[in-house]
Amino acid sequence: MSWKASFCSGVCAVAIAAPVAAQSQTSTESSQPDSSAVQSPASSDEQAMQIGDIIVTAQRRSESINKVGMTIAAVTGDELLQKQISSPSDLQRIIPGFTAQPTPYAVPVYTLRGVGFYDYSLAASPSVSVYLDEVPLPYSSQTKGISFDLDRVEVLKGPQGTLFGQSATGGAINYIAAKPTAVPKAGFDMSFGRFNTLDTSGFVSGPLTGTLNARLAVRTVQSSEWQKSYTRDDELGDKNQFQGRLLLDWQPTDRLSVMLNLNGWTDDGDTQAPQLVALDLQGPPLPELTNYPLPPQNARAADWNRRPLRRHDRFLQASGHLVFKVSDAVHVDSITAFSKLRTRSRLETDGFSFSNLDVSIEPSFIESFTQELRLSGDTDRFNWTAGASYGHDRSSDVQRFEFDIATNNRLIPGVIDFELSENFARQRVDTYAAFAHAEYQVLDTVKIRGGIRYTDIKRAFQGCQNGAGAAATASSYTNLNNIIRAAAGLPPLAPLGINDCATLNADTLEPGVVVNTLKEDSVSWTGGVDWTPASGLLFYATVSKGYKGGGFPTLGSLFSSQYDPVVQEELLAYEGGFKLSLLDRTMQLNGAAFYYDYKNKQVRGKIPVPIFNLIESAVNVPKSKIAGAEGQIIWAPVKGLNVSGSATYLSSKIKRFTGFAVSGVTQDFAGSRLPFTPTWTANGDIQYEWRVSDRLHAFGGASLAYSSSTNASIGYPNLYTIPSYTTLDLNIGIKSADSRWRATLWGRNVTNEYYWLNVQKANDTIIKYAAMPATYGASFSYRF
């Protein structure tokens, strides 16, 4: 067992040895972290029969979810543990309209209601923002280790640009950590499942002094391999993860409170190997490629290069949240945060047991600093917030490529022989913003709200492609560049060194580092009205405009024009919905309809280059739209029984865009659907708990998730289809009547549904990323 697992076990041991006095304080605590904190008080009968009121902070203040005029999915920490939701990507099993695509470079892409940006480079700005206790994680690559010891997760759907920044056109995911307590508490959770997966976490919480409370939580995940080579005896896919968080809550006076958050994670597990779908050769056929067998149709079968496929990721973040009450109605918030991600990994991207295109992420990093200062007021009829923020991000992304057996090495025999190639991209981003948001209770039944944010953003970029220390590659770049220069009537270049930049300036055809900047500003806004004609009934309507900033592609480039940025995208959104409590609060119905008008949506497309014809790059789709509707039902018909279901319908269409299809021909894509927009996503859940004795309860349940088919590429080519799928999760167990301990048997994807979440072009192949097969196991939780 690693030192990380030992450390976590040690913390769990400390939790077990917590003082007996703490047990008397927590005799009625849930077996999961502090989930009771998000529900309004109720009698024991009401807790059994009525649906609790979840308190959310979607608008930067605490309020009932049923009184907020927006679509919010809130999941308690209890539910997350019960349903084995252990990463942001797992949320797609319980949140309709949310998808998470795995990518060749192990950077997840999050999408809400079809709004997302499919770019798998390390420093790609997402369309769905992720926060931990109001502190942003600006890049999806930083979010991996966030999901543990949580009070709840809030998923806000639709543009959130006024309160949550420029890049929240799709929505925002807010993780709320379980907070330090004024009385001693402790607990642990252990789970063991298929592939020898051991998931262990624990926490200790309590006062250090009369004004200072603390909470320490850790988690480790260890597992064996789950993928199997179908051409040899080899396995891949083990996990080796560690996560930790220390929270300090200091309240020296009644008016001042300070929350410090130190958190981090490491990941030293294997990277996933994709499955070979088909060949898509870039040059003359090679027998090693054309005779290679396709994998069996199951999730575990894949192939990869024999070298170790490992990642070595390290993430640390420190943040401070200061709240000063100017008066009972007005307070000042200051949130300061710094984070750093260091990453290095070896990746399989072609589906072969040799190198057709193998990628290594050489030592790379992202550093982020954010500062937000805001003033807020809260009265019976008028609530307002105004503030400003600054963000500074710095990144270095270094990608190395290997082409041992590849057809592009045969495009010009004797001239091109790429052994290795390396691409580096360095970026610096400075973001300034000022914002304001207000709500006014016009009548007892009518509330109006509005907000505005001005954002100014500057991106500085440097990048180029070089020979990665390989003499044959440097010679190939020299030959290739001289062919291009000769065609333009220019004299030949001197031979390039093994690490010299080979990217040609598009104007002068001189090689060197590409330097560019992108300056953009925008005004996001929102306006809406809430109408409460009766108790337990809310109608709302919202119009908002949001922006996602432009950016630079970070793929290898022969010409500087391949680094040309995409400009910011603009989303105008219309939404109307309702929230209705029925049958003495034993049933909740929610519904919404929305229409998104897109300008310059950023997608992964193709651009032409000499010799190699077409390569991938980011492009703007001038005009597109997404329309849809959502519905949700939560029902507690009898004591112990809870039934829920929800669904999202999407209709996406490109209105205007002419570009290059994957076949290489120019195509008018008007009328085509946008990538990664399944028409239907839905889930259903039923949970039942019954009394066995005065001290023992039993429980069991089932969860179903469905997604209709979609496509991973613009134009919906057949080989890039992602078929529909349905997964079934089950659980059954026993718990103490006071919920101090719980033992569960569980299964995920128990029908062993074979499905995949992404399809990608990789040099001479088309590949797909399969989801996990059936997993099952047992877990045990205890609270002191």
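Hi everyone, one definition to start: contact here means heavy atoms within 4.5 Å. With that, Val359 touches Tyr105, Arg307, Ser345, Arg346, Leu347, Thr349, Arg400 and Phe401, leaving out residues up to four places away in sequence.

A quick word on the ground rules. This is a predicted model, where local features need pLDDT of at least 70, side-chain atom pairs count only at pLDDT 80 or more, and totals for chains, interfaces and linings use all residues. Residues are numbered from 1 along each chain as its sequence is written, and side-chain values use heavy atoms, with hydrogens and water left out.

Back to Val359. Along with Tyr105 and Val759, Val359 has the most contacts inside the largest nonpolar core, which has 34 residues. Such a core is a set of buried Ala, Val, Leu, Ile, Met, Phe, Trp, Tyr and Cys residues joined through side-chain atoms within 4.5 Å; buried means under 20% relative accessible area with a 1.4 Å probe, protein chains only. At least two core residues come from each of β21 (358-378), α7 (471-487), β39 (756-762) and β40 (765-770). Helices (H or I, at least four residues) and strands (E, at least two) are DSSP runs, numbered from the N terminus.

Now, what do the buried residues of α7 pack against? They pack against β23 (420-443) and β24 (446-466). Among those buried residues are Tyr477, Leu480 and Ile484. After α7 comes Gly489, with a positive phi near 75 degrees.

Lastly, β39 and β40 run antiparallel, joined by six bridges. Trp756, for instance, has Ala770 in β40 as its bridge partner.

Notes:
Buried < 20%, exposed > 50% of the residue type's maximum accessible area, 1.4 Å probe, protein only. Pairing = 2+ DSSP bridges.
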